[in-house]
2 protein chains.
Amino acid sequence: MQLKELSERTGVPPASIKFYLREGLLPPGQAVTATRARYSPQHASRLELIQALRRVVGLNIAQIRKLTRLADDGVPRLELLAAVQRTVLRLDEVGTEHGDIRTPAGDAVVRLRNWPDAPSDARNALNAHVTLMENLNIPVTAELLDAYSKALDAIADLDIAATTAPGDVNRLIMTAAVGMHLHSQLVLKLLALAQASHAIRRYKDA
Amino acid sequence: MQLKELSERTGVPPASIKFYLREGLLPPGQAVTATRARYSPQHASRLELIQALRRVVGLNIAQIRKLTRLADDGVPRLELLAAVQRTVLRLDEVGTEHGDIRTPAGDAVVRLRNWPDAPSDARNALNAHVTLMENLNIPVTAELLDAYSKALDAIADLDIAATTAPGDVNRLIMTAAVGMHLHSQLVLKLLALAQASHAIRRYKDA
DNA sequence: GTCATAGGATAGAGCTACTATCCAAGTGGT
DNA sequence: ACCACTTGGATAGTAGCTCTATCCTATGAC
């Protein structure tokens with residue numbers, strides 16, 4: 001398929017495809033001749049990935065480039081997953097760097113779930129986040145962490161299993177990034193429903 | 001205090017304060033004379049709210065204006081909370097409107113938690129979100145919803161209790177919006193840690 | 001009297017993500 | 001052979017958004 005067809009299939013305008021090519025998000029097609037290039041279904045899947053990371057997860061071009069570069073360089077899937085995590089957690093943005101920190105909350109989760117007690121970006125991010133919430137007087141109880149982490153334990157297992165399954169690398173990034181994002185949105189919506197429910201109950205007589 | 005001092009206290013440049021005044025995010029100060037205006041601590045707290053909604057929650061000026069207008073118009077706190085929810089859930093953005101829809105998952109949560117069975121924006125948003133996740137082959141199990149909603153039930157109770165407590169309206173919006181956002185981020189980070197933990201466990205011998 | 005500040009208006013900067021135009025070279029279909 | 005169409009590459013322009021800067025006149029504090 002050539003550029004125009006790729007555009008029609010994915011719904012992305014040709015000018016934008018060229019832009020992504022220039023920016024290095026989309027690898028160049030196979031040059032058949034000097035003025036013809038052939039694009040594969042992987043290009044289509046890459047375009048879908050770009051759209052999803054932009055519009056759903058809200059990443060910018062530079063962040064998407066980092067991830068797609070890794071995918072194109074063929075780094076191991078596990079390493080790729082770690083990069084996706086760092087990006088979605090916004091650990092690559094300024095003002096979010098912290099050394100290894102520990103909090104009772106972070107330790108508690110690891111113990112509760114019997115997770116390996118090893119430092120990681122994710123753990124530092126969690127500890128920093130819990131600290132932030134407590135500083136803002138938003139309580140993070142052990143019960144809360146227990147309930148959350150219990151639910152997430154099973155999900156993470158599936159996610160990691162998916163990294164070993166063969167398949168399109170674009171889909172791996174898509175699943176990981178979009179999955180993380182959608183789970184966090186799910187909580188947002190559940191919390192809203194919970195608040196609405198409590199409000200109804202508390203004020204129904206008013 | 002006058003404009004310059006307000007600027008110094010909050011760290012927001014005077015030009016930006018003028019901008020927020022123009023945009024109607026910040027109510028005008030009390031005009032002492034034709035060329036002097038006095039700003040109260042509420043103005044400072046409003047400025048902090050604006051900053052937090054912009055930089056932490058990621059709302060745009062129009063969204064912030066909607067919320068601050070309601071606050072300035074003195075709508076009931078419960079109504080204000082509902083508006084904050086709609087905004088943080090991005091229910092006011094195009095392409096997110098749906099009628100009343102029901103899913104087994106949404107019904108299950110309400111039944112599990114014994115929440116009132118009434119339609120609401122939050123419930124529709126939840127149902128739409130669950131549908132989306134299932135379409136993307138991301139399973140949303142009853143156990144997951146049980147664990148999440150159980151944890152959130154208690155939090156929501158506190159949140160709603162906070163709406164009746166007296167205090168600065170700016171703080172109410174701040175707490176609600178930032179609180180929702182931080183809870184969803186907490187899940188993001190926990191999921192990352194869970195994934196990292198499972199990855200270590202699964203690959204430690206490789 | 002002088003200097004700083006107010007409100008009001010208006011313009012422009014800086015960023016990001018496109019979008020449009022032009023080009024010369026080359027191709028596929030008839 | 002012809003010609004509409006496509007390619008990569010270059011370059012410039014647009015659109016949306018959030019500020020930021022400048023200029024203005026009136027006026028108040030000291």
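1. The lining of the largest cavity comprises six nonpolar, two polar and one charged residue. In this classification Ala, Val, Leu, Ile, Met, Phe, Trp, Tyr, Cys and Pro are nonpolar, Asp, Glu, Lys and Arg are charged, and the others, Gly among them, are polar. The model is predicted: local features need pLDDT of at least 70 and side-chain atom pairs pLDDT 80 or more, while totals for chains, interfaces and linings use all residues. Residues are numbered from 1 along each chain as its sequence is written, chains are lettered from A and ligands numbered from 1 in the order in which they are written, and side-chain values use heavy atoms, without hydrogens and water.

2. The lining residues are Leu193(A), Ala196(A), Ser197(A) and Ile200(A), together with Val110(B), Pro116(B), Ala118(B), Ser120(B) and Arg123(B). A cavity here is a set of points, on a 1 Å grid over the protein atoms alone, where a 1.4 Å probe fits but cannot get out; lining residues have an atom within 4 Å of a point. Helix 9 of chain A contributes the most to this lining, with four residues. Helices are DSSP runs (H or I, at least four residues) numbered from the N terminus.

3. The volume of the largest cavity is about 40 Å³, and the structure has three cavities of 30 Å³ or more. Grid points are joined across faces, edges and corners, and a volume is the space filled by probe spheres set on the points.

4. Helix 9 (residues 169-203) of chain A packs against helix 5 (residues 77-88) of chain B at about 165 degrees, the axes being 10 Å apart. Helix 9 of chain A is therefore roughly antiparallel to helix 5 of chain B. Axes are lines fitted to C-alpha atoms over the stretch in contact, and angles run from 0 to 180 degrees between N-to-C directions. Angles under 35 degrees count as roughly parallel, over 145 as roughly antiparallel, 65 to 115 as roughly perpendicular and the rest as oblique.

5. On the chain A side, the residues of this contact include Ala192(A), Ala196(A) and Tyr203(A), and on the chain B side Leu78(B), Leu81(B), Gln85(B) and Val88(B). Contact means heavy atoms within 4.5 Å. By class, the contact of helix 9 of chain A with helix 5 of chain B has eight nonpolar, two polar and no charged residues.

6. Within chain B, helix 1 (residues 3-10) and helix 2 (residues 14-23) pack at about 110 degrees with axes 9 Å apart, so helix 1 of chain B is roughly perpendicular to helix 2 of chain B. Leu3(B), Leu6(B) and Ser7(B) meet Pro14(B), Ile17(B), Lys18(B) and Leu21(B).

Note on methods: Helix = DSSP H or I, 4+ residues; strand = E, 2+ residues; numbered from the N terminus. 1 Å grid on protein atoms, 1.4 Å probe; cavity = no way out; pocket = protein on both sides within 12 Å on 5 of 7 lines; lining within 4 Å.
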